[in-house]
Amino acid sequence: MPKTVRIVLAVVLGFIVGSLVNMSLILVSGSVIPPPSGADTTTMEGLKAALPLFEPKHFLFPFLAHALGTLAGAYAATLLAPDRSALPAYVVGVLFLLGGVANVFMLPGPAWFNAVDLVFAYLPTAWLGQRPAGRTRAPLSCSTRWRSRIPARRYPRCATSRSRS
């Protein structure tokens, strides 16, 4: 399969994984931190009307859903990417960021939450998500079979064996 197709598939599957995590947290948030009494959070109009009643604690789960959804999506995209490239993770982070910007326009929340959400929930967590998935383990030996697959900058021992042959 061509590398470009694999990268696109990694982005799509990473976005799906992140969306599932995001929606799971949003669905469970009402049972962990109940909405204010009289607030209808089942429709977009009801949510817009209820936003002034929300306390800071009510914004915890939406932030966690955005951040952990992006983190999970970026991690999955990096795992599925060829050579564990970071590019799909950043694309997933940008897609989630675009969704966050759209959310700010559709649901005008408090300015402090919008700022914290847009600055900390998307691109930083995409970076955090790609970090552990992008790391590879060095093989037990740096034999000829593995030399072309081992990044020299991460495993200098294999780079020296590469220069000997």
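Let me start with a term: a residue is buried here when its relative accessible area is under 20%. The model is a predicted one. Of the 165 residues in the protein chain, 33% count as buried by that cut-off.

Now the overall layout. The protein chain has eight helices and zero strands. Read from the N terminus, the order is α-α-α-α-α-α-α-α. Take the contacts in the chain between residues at least 6 apart in sequence: 68% of these join residues at least 24 apart.

Helix 1 covers residues 3-32. Which residues of helix 1 are buried? They are I7, A10, V11, G14, G18, N22, L25 and S29. As a general point, an α-helix has 3.6 residues a turn, so residues three or four places apart point the same way. Keep that in mind when you look at the list. And what do the buried residues of helix 1 pack against? Two elements: helix 3, residues 60-80, and helix 4, residues 87-106.

Next, the pair of helix 1 and helix 3. Two packed helices are described by the angle between their axes and the distance between the axes. Here the axes come within 7 Å and cross at roughly 155 degrees. Angles over 145 degrees count as roughly antiparallel, so helix 1 is roughly antiparallel to helix 3. The crossing of the two is right-handed. Who meets whom? On the helix 1 side we have A10, L13, G14, V17, G18, V21, N22, L25, I26, V28, S29 and V32. On the helix 3 side, the partners include F61, P62, L64, A65, H66 and L68. Further along helix 3, G69, A72, G73, A76, A77 and L80 also take part. By class, this contact has 17 nonpolar residues, seven polar and no charged ones.

On to helix 3 itself. Its 21 residues should span 30 Å at 1.5 Å a residue, and the end C-alpha atoms are 30 Å apart, which agrees. The buried set is F61, A65, H66, A67, G69, T70, G73, A74, A76, A77 and T78. These buried residues pack against helix 1, helix 4, helix 5 (111-120) and helix 6 (123-134).

Helix 3 with helix 4, then. How far apart are their axes, and at what angle do the helices pack? The axes are 7 Å apart, and the angle is about 155 degrees. Helix 3 and helix 4 are therefore roughly antiparallel to each other. This crossing, too, is right-handed. From helix 3, the residues in contact are H66, G69, T70, G73, A74, A77 and T78. From helix 4, they are P88, A89, V92, G93, F96 and N103. The class count for this contact is six nonpolar, seven polar and no charged residues.

Last stop: A121. Where does A121 lie? In the loop between helix 5 and helix 6. Buried or exposed? Its relative accessibility is 0%, so A121 counts as buried. Leaving aside residues up to four places away in sequence, A121 touches F63, H66, A67, T70 and V116. The C-alpha atom of A121 is separated by 9.1 Å from that of G93, 28 residues away along the chain.

Definitions and conventions
Residues numbered from 1 in each chain as written. Predicted model: local features only at pLDDT ≥ 70, side-chain atom pairs only at ≥ 80, totals over all residues. Heavy atoms only, no water. Helix = DSSP H or I, 4+ residues; strand = E, 2+ residues; numbered from the N terminus. Expected span 1.5 Å × (residues − 1). Buried < 20%, exposed > 50% of the residue type's maximum accessible area, 1.4 Å probe, protein only. Contact = heavy atoms within 4.5 Å. Axes fitted to C-alpha atoms, helices over the stretch in contact; angles between N-to-C directions. Parallel < 35°, antiparallel > 145°, perpendicular 65-115°, else oblique. Left-handed = near helix turned anticlockwise from the far one by under 90°. Nonpolar A, V, L, I, M, F, W, Y, C, P; charged D, E, K, R; others polar.
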